[in-house]
Amino acid sequence: MKENYEICHCMGVTYFDIEDALKDSDKLEDAVALFDKVQQATHCSTGCGGCHDKILSTISEIMMA
Ligand code: FES
């Protein structure tokens, strides 16, 4: 089982929060649409924005799994 860790420090969003926000998503949805969905659900990347790339790579990691 994967360990949880915080990805967006401004909003306290973790790997599991992102995974949860993606659970009904289609693997074929594009990255931008998925990012918007995760952002709406978790408010990630709405502070300093420094986590943006990490959020995107986490989304692709989860969707490829
Ligand atoms: S770390 Fe995510 S918005 Fe600052």
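Predicted model: local features only at pLDDT ≥ 70, side-chain atom pairs only at ≥ 80, totals over all residues.
Leaving aside its neighbours within four places in sequence, with which residues is Tyr 5 in contact?

View 1. Setting aside the neighbours within four places in sequence, Tyr 5 is in contact with Thr 14 and Tyr 15. Tyr 5 and Tyr 15 are 10 residues apart in sequence, and their C-alpha atoms lie 5.7 Å apart in space. Tyr 5 belongs to the segment before β1, and it counts as exposed, with 9 C-beta neighbours inside 10 Å.

**View 2. The protein chain as a whole, with its 3 helices and 2 strands.** Followed along the sequence, the elements of the protein chain come in the pattern β-β-α-α-α. The radius of gyration of the protein chain is 11 Å, close to the 11 Å that the globule rule gives for 65 residues, so the chain is as compact as a globular protein of that length. Taken along the principal axes, the C-alpha atoms fill a box of roughly 30 × 25 × 15 Å. Of the 65 residues in the protein chain, 23% are buried. Among the contacts with a separation of 6 or more, 51% are accounted for by residues 24 or more positions apart.

**View 3. The largest nonpolar core, which has 11 residues.** This core is made up of Ile 7, Cys 8, Val 13, Ile 18, Ala 21, Leu 34, Val 38, Cys 44, Cys 51, Ile 55 and Ile 59. Two or more residues of this core are given by each of the elements β1 (6–8), α1, α2 and α3. In soluble globular proteins, nonpolar side chains tend to be buried together. Ile 18, one of the core residues, is in contact with Ile 7, Val 13, Val 38, Thr 42, Ile 55, Thr 58, Ile 59 and Ile 62, when its neighbours within four places in sequence are left aside.

**View 4. Helix α2 (residues 31–42) and its buried face.** At 1.5 Å a residue, the 12 residues of helix α2 should span 16 Å, and the end C-alpha atoms are 16 Å apart, which agrees. The residues Leu 34, Val 38 and Thr 42 are buried in α2. Seen down the axis of α2, these buried residues fall within an arc of 50 degrees, so they line one face of the helix. An α-helix has 3.6 residues a turn, so residues three or four places apart point the same way. The face of α2 turned away from its buried side carries Val 32, Ala 33, Asp 36 and Gln 40, which are exposed. The cover over the buried residues of α2 includes β2 (13–14), α1 (15–21) and α3 (52–64).

View 5. The 13 residues of α3, at 1.5 Å a residue, should span 18 Å, and the end C-alpha atoms are 19 Å apart, which agrees. In α3, the buried residues are Ile 55, Thr 58 and Ile 59. What covers the buried residues of α3 includes β1, α1 and α2.

**View 6. The loop between α2 and α3, with His 43 and Ser 45.** His 43 follows α2, and although it is not a glycine, its phi is positive, at about 65 degrees. His 43 is partly exposed, with 15 other C-beta atoms within 10 Å. Ser 45, in the loop between α2 and α3, is likewise a residue other than glycine with a positive phi, here near 60 degrees. Ser 45 counts as buried, because it has 22 C-beta neighbours inside 10 Å, and the cut-off for a buried residue is 20 or more.

**View 7. Glu 19 in helix α1, shown with Val 32.** Glu 19 is partly exposed, with 17 other C-beta atoms within 10 Å. Glu 19 and Val 32 are 13 residues apart in sequence, and from C-alpha to C-alpha they are 16 Å apart in space. Val 32 is one of the exposed residues on the face of α2 turned away from its buried side.

How values were computed: Residues numbered from 1 in each chain as written. Helix = DSSP H or I, 4+ residues; strand = E, 2+ residues; numbered from the N terminus. Expected span 1.5 Å × (residues − 1). Buried ≥ 20, exposed ≤ 12 C-beta atoms within 10 Å, placed from the backbone. Arc of directions from axis to C-beta. Contact = placed C-beta atoms within 7 Å. Rg over C-alpha atoms; globule rule 2.2 N^0.38 Å. Core = buried A, V, L, I, M, F, W, Y, C linked by C-beta atoms within 7 Å.
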